[in-house]
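Reader: I am new to this structure and would like to be walked through it. Could we take it piece by piece?
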Amino acid sequence: MPKPMVAIIGKPNVGKSSFFNYIIGKRLSIVEDTPGVTRDRVYGEANWRGRNFTLIDTAGIETKSDDIILNQMKAQANIAINIADVIIFITDIKQGVTAVDEEIALILKKSKKPVVLICNKSDNFGNAKDDIYEFYNLGLRRPISSIIYKCTWNR
């Protein structure tokens, strides 16, 4: 039986690659503060709480752009959405819900795949302030706060 595929999706600079590296337990994806460093899909093998799966890091999705590179990055993310069994949608709790987050949420709902909503960059793991409640408006499952962006890649 093949391992489940889990895709990490979100806009640029929300911590997708840091989250990916943390879950797979090594630095495979490049992490920079500059948007657009990840452009293709990056695959890594992971085991979380006794379950083996393949994790896919993707480029940030810019929903409206005429730029060829940004559109190719979005196409790569769409491929990951199509082949994934589960999607991790990472947002930035400090930015709040943006128009791009809302558009990505619509894309993910149309995929009819299970979505785990992570509100990254929280200062208090599992105990986010009232900022997290805004993310219920995306119409996905209960948001989970995360501080992975502060962690090193080696867990």
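Author: Let us begin with Arg49, which is found in the loop between E2 and E3. Please keep in mind that this is a predicted model.

Reader: Is Arg49 buried or exposed?
Author: Arg49 has a relative accessibility of 78%, and the cut-off for exposed is over 50%, so Arg49 counts as exposed.

Reader: What about the phi of Arg49?
Author: Phi of Arg49 is near 55°, which is positive although the residue is not a glycine. Most residues other than glycine have a negative phi.

Reader: What do E2 and E3 form around that turn?
Author: E2 and E3 form a hairpin, with two residues between the strands. Strand E2 covers residues 42-48, and seven bridges join E2 to E3 in an antiparallel arrangement. Within this pairing, Gly44 stands opposite Leu55 in E3.

Reader: Which other strand is joined to E3?
Author: Strand E1, residues 5-9, is joined to E3 by four bridges, and these two strands run parallel. Met5 stands opposite Thr54 in E3.

Reader: Why is E3 described as largely enclosed?
Author: Strand E3 spans residues 51-57, and five of its seven residues are buried, so the rest of the structure largely encloses E3.

Reader: How does E4 run relative to E5, parallel or antiparallel?
Author: E4 and E5 run parallel, with six bridges joining them. One of the facing pairs is Ile90 with Ile118 in E5. Together with H3, these two strands make a right-handed β-α-β unit.

Reader: What lies in the loop between H3 and E5?
Author: Lys112 lies in that loop. Phi of Lys112 is near 60°, again a positive value in a residue other than glycine. Lys112 counts as exposed because its relative accessibility is 75%.

Reader: Let us change topic to the helices. How many residues of H1 are buried?
Author: Nine of the nine residues of helix H1, residues 16-24, are buried, so H1 is largely enclosed by the rest of the structure. Among them are Lys16, Ser17, Phe19, Asn21 and Tyr22.

Reader: Which elements do those buried residues pack against?
Author: The buried residues of H1 pack against E1, E2, E3 and E4. Just after H1, Gly25 takes a positive phi of about 85°.

Reader: What can you say about the largest nonpolar core?
Author: The largest nonpolar core has 23 residues, and those with the most contacts inside it are Ile9, Ile87, Phe89, Leu108, Phe135, Leu138 and Leu140. At least two residues of this core come from each of E1, helix H2 (68-83), strand E4 (86-92), helix H3 (99-111) and strand E5 (115-120). A second, separate core has 14 residues, including Val6, Val14, Phe19 and Ile23.

Reader: Which residues is Ile9 in contact with?
Author: Leaving aside neighbours within four places in sequence, the contacts of Ile9 include Lys16, Thr58, Ile61, Ala77, Ile81, Ile87, Phe89, Ile104 and Leu108.

Reader: I also noticed Val115. Where does it lie?
Author: Val115 lies in strand E5. With a relative accessibility of 7%, Val115 counts as buried. The C-alpha atoms of Val115 and Ile88 are separated by 5.7 Å, although these residues are 27 residues apart along the chain.

Reader: And which residues is Val115 in contact with?
Author: Apart from neighbours within four places in sequence, Val115 is in contact with Ile87, Phe89, Leu108, Leu140 and Arg141.

Reader: Finally, how many aromatic pairs are there?
Author: The count comes to two aromatic pairs. In one of them, the rings of Tyr133 and Tyr136 have centres 6.2 Å apart and planes at 15°, so that pair is stacked.

Reader: Is Tyr136 exposed or partly exposed?
Author: Tyr136 counts as partly exposed, because its relative accessibility is 39%.

Notes. Residues numbered from 1 in each chain as written. Predicted model: local features only at pLDDT ≥ 70, side-chain atom pairs only at ≥ 80, totals over all residues. Heavy atoms only, no water. Buried < 20%, exposed > 50% of the residue type's maximum accessible area, 1.4 Å probe, protein only. Pairing = 2+ DSSP bridges. Core = buried A, V, L, I, M, F, W, Y, C linked by side-chain atoms within 4.5 Å. Contact = heavy atoms within 4.5 Å. Right-handed = clockwise from strand over helix to strand, strands pointing away. Phe/Tyr/Trp six-rings, centres within 6.5 Å; stacked < 30°, edge-to-face > 60°.
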